[in-house]
Amino acid sequence: MDHLSGRQGHSPHEVDAGQWVFTGDMQDRGRFDARCAWCRKADLRITFEVRQAVADPTCHVCQVCMGRGTVQVEQNGRLLEGAERNSHVSELVMRLMHRTCRDVLRDLMARSDDPALPEIAVYFDRNLQLSPGHAATLLLALAKSGLDADPAIFAVQLRSTAHRLEFADLSEREKLALWPVLSPAIRNRLIWLGFAPQRYATPRQPGARLRPARLPAFS
């Protein structure tokens, strides 16, 4: 499969030389190990199947290459253009990512009797992300289950003050379970706030902001 192999993909000239068509098939491997056949970008989770003609072999490309306008995208037989096209592709990505995560949750619930998991599944269905507390419970159960799923496929809500405070109140074990799936920017923010796991904490600098007052409830 070209999107996972080491052979060279199409050159930019070859990509632009003819009209490519999105077949409608996408892959979410549940891991960040795919590669774009055009730009060769690696560590991808989602790829799109495209072909240049009905008889031609297919290849898999990333969402950035899909957005270049080289690939035709149709919906109900109608060719999409511009913002409508990009919105449709983004919606397809979100649906596929949600389905993959939901499948992992289903398999996890079948292997575990943790009563918190059904509640986590409902929360994820509503928000498409997990709060820090829910994420910690899920990732610890996932690590124990032996399921072959990358925990980083689950997005964790940490942009709001409420969710950062929720992270701060987790146990050291729970924080460490979440730490590998967080982006470098979020990790740096948590370190600066003094909320990071002890092994990643740094001495608070003079004048650094103190922890905000505890909020009464989380959204």
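Here is a quick look at one helix pair and some aromatic contacts in this structure.

It's a predicted model, in which local features need pLDDT of at least 70 and side-chain atom pairs count only at pLDDT 80 or more, while totals for chains, interfaces and linings use all residues. Residues are numbered from 1 along each chain as its sequence is written, and side-chain values use heavy atoms, leaving out hydrogens and water.

Let's start with the helices. H3 (residues 82–111) packs against H4 (residues 116–127) at an angle of about 170°, and their axes are 10 Å apart. That makes H3 roughly antiparallel to H4 (the term covers angles over 145 degrees). Contact here means heavy atoms within 4.5 Å. On the H3 side, the contact residues include Leu105, Leu108 and Met109, and on the H4 side they include Leu117, Ile120 and Phe124. Sorted by class, this contact has 9 nonpolar, 1 polar and 2 charged residues.

Now for the rings. Aromatic rings pair if their centres lie within 6.5 Å, and planes over 60 degrees apart count as edge-to-face. That rule gives 5 aromatic pairs, including these two:

| Pair | Type | Centre to centre | Between planes |
|---|---|---|---|
| Trp20 and Trp38 | edge-to-face | 5.1 Å | 75° |
| Phe22 and Phe48 | edge-to-face | 5.8 Å | 70° |

Trp20 sits in strand S1 and Trp38 in the loop between S1 and strand S2, so their pair ties together parts 18 residues apart in sequence. Phe22 in S1 and Phe48 in S2 are 26 residues apart. Trp20 and Trp38 are both buried (under 20% relative accessible area), and Phe22 and Phe48 are buried too. Elsewhere, Phe167, Trp179 and Tyr200 form one aromatic cluster.

Methods. Axes fitted to C-alpha atoms, helices over the stretch in contact; angles between N-to-C directions. Helix = DSSP H or I, 4+ residues; strand = E, 2+ residues; numbered from the N terminus. Parallel < 35°, antiparallel > 145°, perpendicular 65-115°, else oblique. Nonpolar A, V, L, I, M, F, W, Y, C, P; charged D, E, K, R; others polar. Phe/Tyr/Trp six-rings, centres within 6.5 Å; stacked < 30°, edge-to-face > 60°. Buried < 20%, exposed > 50% of the residue type's maximum accessible area, 1.4 Å probe, protein only.
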